[in-house]
Amino acid sequence: MLLPPNDWLPQAPLQLLHLDWLSTAGIEVAILRLDQIDPLISGNKWFKLIEHLKAADRIGAKGIISLGGAHSNHLHALAAAGKRFGFNTVGLLRGHPQETPTVKDLQAFGMQLHWLGYGGYRARHEAGFWQPWQAQYPDLYPVPEGGGGLQGALGCVQLRAMVSEQLSGLGWSDYHGWWLACGTGTTLAGLVLAEAGRRKVYGALAVPDDHGVAQQVASIIHEAGLQHSAYELFDASRGGFAKVDPLLLDFIEQTELASGLPLEPLYTGKALLMHKQQIEAGTFDRGTRLIFIHTGGLQGRRGFQ
C-alpha cells in the first residue's frame, strides 16, 4: 500500500490577509495556508499526489517514479512521503549532477536519482519517453512532472470543500474567486473543475508562456469533460522560471514584515506581487473577496540564501 493511514489527513487553515494595499482597494483576501499542512509533505504537492498514489495502489505498484529539477518541491514532497509511508521513489532530474539543499534531502529520504541532462529532460513530453524507465523500474508507477495531469487536478478538487468549511469562521458567506501561482497549471485546473464555472480562478504563471501551462490546463479540462469553465492566466514569471529581481525580493521582504506570511520567490512571491499589480490596475471591484492559495514550496527558499 502506498497510501498513508486514514488518520493522516492534511488540513490547512484559512486566514484573512491584512495588507495596506488590500485595504486601500477595498479587496478582501483569505489565504489558504497549504504551507502549514506538514513540515515536509507541504503545500499543494500532497493533493496533486493523492490520486496518483491511488492509481498506483490499484495496479499493485511498489512506488513512484517522477521528474523535477534540483530545487523541485514536487520531488521533495514525493521523497518525504515515500520515506514516511514506506514506498520506493525514483527521481529523474533536469540538468547535470549538482548539490543543492533539496537534492541532499532527496538522497537522505532514500530517493534514487538519475540526472537526464537538459536535452534528455526536454524529451519528457515525447512519445516513448517512459518506456525505458518502466523497463528499468517495472514495479514503479510513473507520475508526470509536478504531479500533473488529470489525476493531479482531481486531487486538488477537495481544496474547494476545505475552504467552504472554514468560511463562516472568517465571517464570510461566500467568495468571488481564487488566486494562485501556477507551475504546471494542475492545481488551477483542479479548482476550475471544482467550481465548474461558478467562480473564476486566476492563475499567476511562475513560468513563461512557452512552458505550455495554458495548453496543459485546457487539456485537463477537456479530458475531464467539463462544459463550463472560468479562469484567466497572467504572466508573473518576471522573465523566466526562477528569475528574480530587486522589485520582487523587496516586495517579499516588505510583505513578510507587514503580515508575517512566509513567501518564496519562485511561486508565492510572484503570485502575490502580480495580485497587487492587478488590483492596482483595477481588475477587481471594491468588495471583491478572493481566496489566495499558499502553495507551499518554502523549502525552495534555501536555493536563494
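A search of the whole structure, which is a predicted model, finds nine aromatic pairs. Rings of Phe, Tyr and Trp (its six-membered ring) are paired if their centres lie within 6.5 Å, and the planes count as stacked under 30 degrees apart, edge-to-face over 60 and tilted for the rest. W21 and F251 form a tilted pair, with 6.5 Å centre to centre and 45° between the planes. W21 belongs to helix α1 (residues 20-25) and F251 to helix α12 (residues 246-259), so this pair ties together parts that are 230 residues apart in sequence. Helices (H or I, at least four residues) and strands (E, at least two) are DSSP runs numbered from the N terminus. Both W21 and F251 are buried, where buried means under 20% relative accessible area, exposed over 50% and partly exposed in between (1.4 Å probe, protein chains only).

Y202 and F284 form an edge-to-face pair, at 5.0 Å centre to centre and 80° between the planes. Distant parts of the chain are linked by this pair, since Y202 lies in strand β8 (residues 200-205) and F284 in the loop between α13 (268-280) and β10 (289-294), 82 residues apart. Y202 counts as buried because its relative accessibility is 11%. F284 is likewise buried, with a relative accessible area of 9%. Ring pairs join W179, Y202, F234 and F284 into a cluster. Residues are numbered from 1 along each chain as its sequence is written, and side-chain values use heavy atoms, with hydrogens and water left out. In this predicted model, local features need pLDDT of at least 70 and side-chain atom pairs count only at pLDDT 80 or more, while totals for chains, interfaces and linings use all residues.

Helix α12 also holds I252, which counts as buried at 8% relative accessibility. From I252 to F284 the separation is 32 residues in sequence and 22 Å in space, C-alpha to C-alpha.

Charged groups also lie over aromatic rings. A charge sits over a ring if NZ of Lys or CZ of Arg is within 6 Å of the ring centre and within 35 degrees of the ring normal. The charged end of R94 is placed over the ring of Y121, 5.3 Å from its centre. R199 lies over the face of Y175, at 4.2 Å from the ring centre.

Backbone angles were examined next. Most residues other than glycine have a negative phi. A196, which is not a glycine, has a positive phi of about 50°. A196 is found in the loop between α10 (186-195) and β8, just after α10. With 28% relative accessibility, A196 counts as partly exposed. The position of R238 is in the loop between β9 (231-235) and α12, and R238 is partly exposed at a relative accessible area of 29%.

The empty space was then considered. Rolling a probe the size of a water molecule over the atoms shows where such space is left. On a 1 Å grid over the protein atoms alone, a pocket is an open set of points with protein on both sides within 12 Å along at least five of seven lines, whereas a cavity is a set where a 1.4 Å probe fits but cannot get out; lining residues have an atom within 4 Å of a point. Grid points are joined across faces, edges and corners, and a volume is the space filled by probe spheres set on the points. The second largest pocket contains about 280 Å³ of space. Its lining is made of 16 residues, of which W8, L9, W46, I50 and Q158 lie nearest the centre of the pocket.

Helices α2 (45-58) and α7 (149-156) each supply at least two residues of this lining, and the largest share, five residues, comes from α2. By type, the lining of the second largest pocket divides into 10 nonpolar, four polar and two charged residues. Here Ala, Val, Leu, Ile, Met, Phe, Trp, Tyr, Cys and Pro count as nonpolar, Asp, Glu, Lys and Arg as charged, and the others, Gly among them, as polar. At least three lining residues come from each of domain 1 (14-38 + 149-303) and domain 2 (44-147), the domain bounds being taken from an automatic or database domain assignment.
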